[in-house]
Amino acid sequence: MKTRTYILFFLLWSVHFAFSQKDIDTLPQLDLSKIALINQSDSYITFPTDIGNIEPLMFEANVNPSFVIRKRKDSKLMAVLKPQITIRMYNAESYPVRTPSYIPQISVYYLANKYEALSYLVFFGKIAHHSNGQDGDFYNDDNTINLRTGNFATNFLEFGFLKTAYSNQLKAIKTIKSSIEIYPKSWMSRELKGKYSGLRWHNSFTSFKFPLTDSHSDKANFSLKAEATFMLDNYNDLDIFDLDRFNASITFYYHPKFLEDIGLFVQFYHGMDYYNIYFEHQISVIRFGIMTEILRF
């Protein structure tokens with residue numbers, strides 16, 4: 001009797017293992033390089049239809065290719081080099097492009113643990129430079145910030161972790177990120193000290209939704225990214241809970257099947273203007289556009 005019970009248990013376990021292994025094999029696959037891409041900002045271009053209090057634009061574009069440095073594809077340690085450039089073309093006479101943001105950066109990622117299929121814990125660190133390529137005086141004669149040719153330059157560090165998981169019921173890959181960004185005062189332009197936040201806490205949630213009827217798709221039909229940043233240090237004499245300390249955005253992506261390498265997105269952003277020397281502006285904007293570097297699984 002015991003022998004039959006053991007045989008039945010073994011057969012049931014074998015069937016369960018076989019089906020579980022099959023389910024795992026058909027899931028979208030992650031690796032350290034894909035997790036790093038999830039953490040990096042996308043390459044995109046917006047349409048001239050921004051809604052909000054931002055200056056009228058023809059487009060905003062973020063050019064952010066990735067150069068991955070690793071020994072092997074399955075390495076637990078890797079670096080990513082990105083020569084990020086953000087530009088805005090204004091809807092004004094001669095359509096000027098003023099003070100682009102140059103944000104070259106190098107990030108290091110370490111795969112700390114892989115608990116199960118698509119469940120990863122990754123730690124990362126980043127060092128980056130942010131400037132606008134100008135060398136003019138920071139202030140105009142009337143003591144306002146010189147947005148046209150004023151010098152803006154700073155360097156910063158970021159340290160944090162990413163945790164991924166997969167929802168079999170929703171067929172979605174989820175990623176949670178939390179990090180601290182530090183701007184040492186000795187790395188800032190003199191005029192930025194006391195005006196520009198030097199300690200920031202970033203949190204984000206990303207979800208990639210896969211088709212319910214096609215588990216073999218190598219890209220998500222829909223994805224969502226929600227981000228929030230809280231400025232922790234003392235700057236501009238702001239109260240600790242002043243709303244100017246908070247940046248928040250939510251971005252919805254749609255990846256149609258008829259576009260192989262391009263996706264469409266709509267984004268709502270509220271907070272400090274991230275476009276270099278425009279940082280004192282508080283903006284609330286809804287924008288639409290297209291993005292490249294669709295994450296493939």
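Modeller: A salt bridge joins Glu158 to Lys177, with 3.2 Å between the closest N and O atoms. Since Glu158 belongs to strand 8 and Lys177 to strand 9, this pair ties together parts that are 19 residues apart in sequence. Both partners, Glu158 and Lys177, are buried. The model is a predicted one, and each value in this account is computed from it.

Lys126 forms a salt bridge with Glu158, and here the closest N and O atoms are 3.4 Å apart. Lys126 is located in strand 7 and Glu158 in strand 8, which spans residues 153-167, so this pair connects parts separated by 32 residues in sequence. The relative accessible area of Lys126 is 13%, and because the limit for a buried residue is under 20%, Lys126 counts as buried. For Glu158 the relative accessibility is 3%, and therefore Glu158 is likewise counted as buried.

Strand 7 covers residues 119-131, and Tyr120 is also found in this strand. Tyr120 has a relative accessible area of 5% and is therefore buried. Its side chain makes a polar contact of 3.4 Å with the side chain of Lys114. Between Tyr120 and Leu162 there are 42 residues in sequence, whereas their C-alpha atoms are 7.9 Å apart in space. Leu162 is also one of the contacts of Tyr120 beyond four places in sequence, a list that includes Lys163 and Thr164 as well as Leu30, Asp31 and Ile35.

Salt bridges with shared partners join Glu60, Arg88, Asp273 and Arg287 into one network. Within it, Asp273 forms a salt bridge with Arg88, whose closest N and O atoms lie 2.9 Å apart. This pair links distant parts of the chain, with Asp273 in the loop between strand 13 and strand 14 and Arg88 in strand 5, 185 residues apart. The side chains of Arg88 and Asp273 are also joined by a polar contact of 2.9 Å.

Are these two partners buried or exposed? Asp273 has a relative accessibility of 2%, so Asp273 counts as buried. Arg88 is at 1% and therefore counts as buried too.

Strand 5, in which Arg88 lies, runs over residues 77-90. Arg88 sits over the face of Tyr274, 5.3 Å from the ring centre. Apart from neighbours within four places in sequence, the contacts of Arg88 include Glu60, Asp273, Tyr274, Tyr275 and Ile283. Other members of this contact list are Ile54, Leu57 and Phe59, together with Pro96, Val97 and Arg98. Arg98, for its part, lies over the face of Tyr90, at 5.2 Å from the ring centre. In total, nine salt bridges are counted in the model.

The loop between strand 13 and strand 14 takes part in an aromatic arrangement as well. Among the 14 aromatic pairs in the structure, Tyr196 and Phe279 have ring centres 5.2 Å apart and planes at 85°, so they form an edge-to-face pair. Distant parts of the chain are linked by this pair, since Tyr196 lies in the loop between strand 9 (172-182) and strand 10 (199-209), and Phe279 in the loop between strand 13 (263-272) and strand 14 (282-291), 83 residues apart. Tyr196 and Phe279 are both buried. They belong to a cluster in which ring pairs link Phe152, Phe156, Tyr183, Tyr196 and Phe279.

The protein as a whole supplies the setting for these details. It has two helices and 14 strands. Of its 297 residues, 44% are buried. Among contacts with a separation of 6 or more, 60% are between residues 24 or more positions apart. The accessible surface amounts to about 16,300 Å², and carbon and sulfur atoms account for 62% of it.

To draw the charged part together: Glu158 pairs with Lys177 and with Lys126, while Arg88 and Asp273 belong to a network that also holds Glu60 and Arg287.

Definitions and conventions: Residues numbered from 1 in each chain as written. Predicted model: local features only at pLDDT ≥ 70, side-chain atom pairs only at ≥ 80, totals over all residues. Heavy atoms only, no water. Helix = DSSP H or I, 4+ residues; strand = E, 2+ residues; numbered from the N terminus. Polar contact = N/O pair within 3.5 Å; in protein donor to acceptor, adjacent residues only side chain to side chain. Contact = heavy atoms within 4.5 Å. Buried < 20%, exposed > 50% of the residue type's maximum accessible area, 1.4 Å probe, protein only. Areas by Shrake-Rupley, 256 points an atom, 1.4 Å probe, with all protein chains shown as cover. Phe/Tyr/Trp six-rings, centres within 6.5 Å; stacked < 30°, edge-to-face > 60°. Lys NZ or Arg CZ within 6 Å of the ring centre and 35° of its normal. Salt bridge = Lys/Arg side-chain N within 4 Å of Asp/Glu carboxyl O.
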